[in-house]
Amino acid sequence: MITIEKIRSRLVEELNNASISNAEICRRLGITSGAIAQYKSGRSMPALDTLANLCKVIDVSPAYILCFEDESGSKTVPEVFEYSDGTHSLRHKRG
């Protein structure tokens, strides 16, 4: 199951491994260094639009951050999603 903790962990990992500086990330995104520090510490998560742009800036797939792909780009979406209320939903297959 995909959890916020798994997403947060991948985001922190990729921010720590980014090939550009925190200052450059902030400049490109128009955010403060405090925001990056919050993301890196895992204390907060970026807004969805900020996350999408952050992924572009640090050159990482948003699908990887959101746990829909593994490191190789292979899809890891489960066939069944489990919702927080315990219900399940089948994923529609494509192709």
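The model is predicted, so local features are taken only at pLDDT of at least 70 and side-chain atom pairs only at pLDDT 80 or more, whereas totals for chains, interfaces and linings use all residues. Residues are numbered from 1 along each chain as its sequence is written, and side-chain values use heavy atoms, with hydrogens and water left out. The chain has five helices and two strands, where helices (H or I, at least four residues) and strands (E, at least two) are DSSP runs numbered from the N terminus.

**Overall architecture**

- From the N terminus on, the order of elements is α-α-α-α-α-β-β.
- Of the 95 residues in the chain, 28% are buried, where buried means under 20% relative accessible area, exposed over 50% and partly exposed in between (1.4 Å probe, protein chains only).
- Among contacts (heavy atoms within 4.5 Å) between residues at least 6 apart in sequence, 49% join residues at least 24 apart.
- The accessible surface of the chain is about 6,400 Å², and 51% of this surface belongs to carbon and sulfur atoms; areas come from the Shrake-Rupley method with a 1.4 Å probe, and for residues only the protein chains shown count as cover.

**Helix 1**

- Helix 1 (residues 4-17) has 14 residues and reaches 20 Å from its first C-alpha to its last, close to the 20 Å expected, the expected span being 1.5 Å times one less than the number of residues.
- Its buried residues are Ile-7, Arg-8, Arg-10, Leu-11, Val-12, Glu-14 and Leu-15, and their cover includes helix 2 (22-29), helix 3 (33-41), helix 4 (48-57) and helix 5 (62-65).

- Leaving aside residues up to four places away in sequence, Leu-54 touches Leu-11, Leu-15, Ile-25, Leu-29, Tyr-39 and Pro-46.

**Positive phi outside glycine**

- Asp-59, in the loop between helix 4 and helix 5, has a positive phi near 60° although this residue is not a glycine, and Asp-59 is exposed at a relative accessible area of 71%.
- Cys-67, in the loop between helix 5 and strand 1 (80-82), likewise is not a glycine and has a positive phi of about 70°, but Cys-67 counts as buried at 7% relative accessibility.
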